[in-house]
Amino acid sequence: MTAPTAFRQQLLSTIPRLRRYARSLVFDASTADDLVQTALERALAHWHQFDQRRDILVWVISIAHNAHMDDRRRRSHLVNVEPLDLQDGPDSVAAPASDPGLRMDLVAALSRLPVEQREPLLLVTLEQLSYAECAEVLHIPIGTVMSRISRGRVALRALLDGHVPATPTNSATRSLRRVV
Amino acid sequence: MNTPDRDDSLPDQLSAWLDDELTPAQRAEIDAWLHEHPEDTARVRLWAADRDALRARLAPVAEEPVPPRLEHLVLNHTPARQWLTATRLAAGFAVFALGAVLGAATAWRMLGDDDGPEGASAGWDRRVMGAHAVYAPEVRHPVEVSVVGATAEDSRAQEEHLSRWLTKRVDRPVKLFDLRAQGFELIGGRLLPESNGPCAQLMYQRIGQSAATRVTVYLRKPDGTTPAAFKYERQGDLGMFYWVEGTTGYAIVGSLPREQLLALAEAIYKQVG
């Protein structure tokens with residue numbers, strides 16, 4: 001049985017916020033929309049698993065999170081370069097198209113946070129999920145949500161103040177493991 | 001305050017306080033703490049400012065119109081399992097259709113390569129402009145072989161190497177044209193695949209300027225051998241002159257006004273003779 005019209009309408013209403021969440025995860029607009037598309041396809045294929053008492057946005061975001069993690073795992077054997085690290089690299093082409101409205105410092109700093117901190121921070125500040133909803137989306141305990149958000153805030157502020165932590169990914173991943 | 005390990009958990013508590021995730025009792029405790037510790041109050045204020053900045057920066061994405069393909073997907077999507085049988089039926093047809101498409105593509109290519117005498121087969125002009133658009137803006141890797149050496153001697157040796165290599169691969173003399181009188185200097189070259197064999201690309205840039213103004217020159221085996229006079233084409237910013245002289249097809253591409261590009265083409269033409 002295909003998804004009923006009412007469900008499709010509900011799902012349709014989540015797209016703007018789902019796109020915003022995806023964009024904050026992967027930054028590049030078309031990659032983000034690909035992620036949104038994957039999440040929507042999965043949601044439509046599993047519509048019967050959606051509990052109508054729940055917030056559909058939280059449900060779809062959690063699907064998008066899983067899809068993103070699957071994608072990262074698939075690519076983990078490849079070198080992972082965050083697109084924003086490339087902005088001013090010596091290999092760039094001349095005069096890259098720049099968005100004058102882009103607040104580079106903030107977004108660049110955000111992109112340098114390890115995804116384990118960036119995701120809960122964004123879910124709570126940007127999407128305004130509760131810690132409990134965030135824990136559900138990320139499949140981690142509430143206490144972990146709390147500590148990752150606070151460490152994300154400290155790290156973001158340090159980056160914005162111009163303190164660049166050494167190898168953000170490695171050291172952050174290692175210290176994260178200790179917390180979990 | 002009766003919290004011996006306050007230091008460890010304090011950032012978490014302050015952060016949760018900001019997110020309004022504390023119980024009333026915890027909240028009262030942090031309220032009191034902040035009252036006595038202005039430095040922590042300042043810290044939380046900065047976090048709140050970061051939160052507001054993040055919201056302001058990313059909020060517009062949610063206001064963008066929903067891409068039609070996503071809307072279409074949600075309204076019309078049928079889960080994969082539903083059309084599995086249909087897919088199997090379709091698979092047989094698809095193999096047939098693929099054959100037809102490949103056939104058509106081959107025919108198209110052959111037609112494209114077969115418009116002889118003017119020396120620029122359909123598509124060659126577009127491919128050459130495409131090559132210019134891809135390589136000319138490169139800051140660090142504009143060419144495969146650079147002739148920009150540390151010393152004049154180095155440059156000379158590189159030029160010789162480039163000329164010999166391209167001549168061998170393109171199978172016709174590739175002369176490194178001197179366009180300095182027109183204000184352009186050679187920075188190097190590369191080999192490009194063409195439908196009828198390798199094609200040489202030479203890259204020049206305005207003397208004393210960086211990537212801003214570059215022109216590329218192409219040499220290859222022409223499809224026909226009839227000499228052809230200068231032809232001009234324009235696509236957006238890019239202009240192109242191409243002609244056939246002897247057994248070589250030439251082209252020059254750049255985002256320059258027509259007269260300037262023509263002056264360069266004529267300089268090359270004179271040096272060929």
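This is a predicted model: local features need pLDDT of at least 70, side-chain atom pairs count only at pLDDT 80 or more; totals for chains, interfaces and linings use all residues.
How many salt bridges does the structure hold over all chains? The count is 20.

1. Chain B in outline. Chain B has 273 residues, and 40% of them count as buried. Its secondary structure consists of 8 helices and 7 strands.

2. Extent of the interface. Chain A contributes 47 residues to the contact and chain B contributes 41. On the chain B side, the residues that lose the most area to chain A are B:L54, B:R57 and B:V74, which together make up 16% of what that side buries. The two chains bury about 4,100 Å² between them, with 64% of that area on carbon and sulfur atoms.

3. Polar and charged pairs across the interface. Between chain B and chain A there are 14 residue pairs in polar contact, counting pairs with both residues at pLDDT 80 or more. The rule also finds 5 salt bridges across this interface. Three helices of chain B, α1 (6-18), α3 (38-63) and α4 (68-76), each supply at least two residues of the side that touches chain A. Of these, α3(B) gives the largest share of that side, 12 residues. By residue class, the chain B side that touches chain A comprises 22 nonpolar, 12 charged and 7 polar residues.

4. One salt bridge joins the side chains of A:R23 and B:E64, at 3.0 Å from N to O. These two residues also belong to a network of salt bridges that links A:R19, A:R23, A:D33 and B:E64.

5. In soluble globular proteins, nonpolar side chains tend to be buried together. Here, the largest nonpolar core has 71 residues, and A:F7, A:L11 and A:L40 have the most contacts inside it. Helix α3 of chain A (residues 56-74) gives the most to this core, with 10 residues. Beyond four places in sequence, A:L11 touches A:L40, A:A43, A:L44, A:I56 and A:V60, and also B:V74 from the other chain. A second, separate core has 27 residues, including B:L179, B:L202, B:I252 and B:L256.

6. Is A:E119 buried or exposed? Its relative accessibility is 3%, so A:E119 counts as buried, the cut-off being under 20%. A:E119 sits in helix α5 of chain A, which covers residues 115-125. Apart from neighbours within four places in sequence, A:E119 is in contact with A:Y21, A:L25, A:H65, A:M69 and A:L138. From A:E119 to A:G152 the C-alpha to C-alpha distance is 9.2 Å, and the two residues are 33 apart in sequence.

7. The pair A:E127 and A:R20. These residues form a salt bridge in which the closest N and O atoms are 3.1 Å apart. A:E127 is in the loop between α5 and α6 (131-138) of chain A, while A:R20 is in helix α1 (residues 5-26) of chain A, so the pair ties together parts that are 107 residues apart in sequence. Both partners are on the buried side of the cut-off: A:E127 has a relative accessibility of 1%, and A:R20 has a relative accessible area of 11%.

8. The pair A:D161 and A:R157. Their salt bridge has its closest N and O atoms 2.9 Å apart. Which of the two is buried, and which is partly exposed? A:R157 is buried, with a relative accessible area of 16%, whereas A:D161 is partly exposed at 46%.

9. The pair B:R180 and B:D178. Here the side chains meet in a salt bridge at 2.9 Å, N to O. B:R180 is exposed, with a relative accessible area of 54%.

Key
Residues are numbered from 1 along each chain as its sequence is written. Chains are lettered from A and ligands numbered from 1 in the order in which they are written. Side-chain values use heavy atoms; hydrogens and water are left out. Contact means heavy atoms within 4.5 Å. Buried area is the accessible area (1.4 Å probe) that two parts lose on being put together, summed over both. A salt bridge is a side-chain nitrogen of Lys or Arg within 4 Å of a carboxyl oxygen of Asp or Glu. A polar contact is a pair of N or O atoms within 3.5 Å; within protein, one must be able to donate a hydrogen and the other to accept it, and residues adjacent in sequence count only if both atoms are side-chain atoms. Helices (H or I, at least four residues) and strands (E, at least two) are DSSP runs, numbered from the N terminus. Ala, Val, Leu, Ile, Met, Phe, Trp, Tyr, Cys and Pro count as nonpolar, Asp, Glu, Lys and Arg as charged, and the others, Gly among them, as polar. A nonpolar core is a set of buried Ala, Val, Leu, Ile, Met, Phe, Trp, Tyr and Cys residues joined through side-chain atoms within 4.5 Å. Buried means under 20% relative accessible area, exposed over 50%, partly exposed in between (1.4 Å probe, protein chains only).
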